Amino acid sequence: MTVNYLWRGEFTNAEVETLHAAGFDRPVNDANDWWTPLNRHSLGWVCARDDGRLVGFVNVAWDGGVHAFVLDTVVAATVGRRGVGTELVAVATDNARAAGCEWLHVDFEPHLRSFYFDACGFRPTDAGLIQL
């Protein structure tokens, strides 16, 4: 397996939607448009490709200033537990830093705590959340 990581890499909506649906255990929605909102609102994203096939993705949203946010981290089951997710976040971190961001935020479900804290280097912090 040789995975290439591409900052602001090209992708089709169908590729990201299929990967995201599988990773988050939901049906594929062919109407989802990933390309337009990511280009409009995100600092960037990272695509992981193995032999041309999209096997990982992470979105880096931002506030236009010093805060960036990791969203939608997903890795194909076929390459899970091989460091692809960790490298996706590392590439996202490096590029957010290079863009002048000072903080990279993430929120996650409890079962991902070890991944984000131990493998990716995030540290615990107090935060708040309102379900809308």
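**Strand S2 and its sheet**

Eight bridges join strand S2 to strand S3, and the two strands run antiparallel. The model is predicted, and S2 covers residues 42-50, while S3 covers residues 53-62. S2 and S3 together make a hairpin in which two residues lie between the strands.

**The S2–S3 hairpin**

- In the turn of this hairpin, Asp51 has a positive phi of about 55 degrees.
- Across the pairing of the two strands, Gly44 has Val60 in S3 as its bridge partner.

**The pairing of S1 with S2**

- S1 is joined to S2 by five bridges, and these two strands likewise run antiparallel.
- Leu6 has Cys47 in S2 as its bridge partner, and Trp7 stands opposite Val46, which also belongs to S2.

**Burial of S2**

- How many of the nine residues of S2 are buried? Nine of the nine are buried, so S2 is largely enclosed by the rest of the structure.

**The sheet as a whole**

- Five strands, in the order S1-S2-S3-S4-S5, form an open sheet whose pairing is mixed.
- The edge strands are S1, which spans residues 3-7, and S5, which spans residues 103-105, and each of them pairs on one side only.
- On average, neighbouring strands of this sheet are turned by 20 degrees against each other, with direction ignored.

**The helix on the sheet**

- Helix H1, made up of residues 13-23, packs on the sheet and touches S2, S3 and strand S4 (67-75).
- The direction of H1 makes about 90 degrees with that of S3.

Note on methods
Residues are numbered from 1 along each chain as its sequence is written. This is a predicted model: local features need pLDDT of at least 70, side-chain atom pairs count only at pLDDT 80 or more; totals for chains, interfaces and linings use all residues. Side-chain values use heavy atoms; hydrogens and water are left out. Two strands pair if DSSP finds at least two bridges between them. Helices (H or I, at least four residues) and strands (E, at least two) are DSSP runs, numbered from the N terminus. Axes are lines fitted to C-alpha atoms, for helices over the stretch in contact, and angles run from 0 to 180 degrees between N-to-C directions. Contact means heavy atoms within 4.5 Å. Buried means under 20% relative accessible area, exposed over 50%, partly exposed in between (1.4 Å probe, protein chains only).
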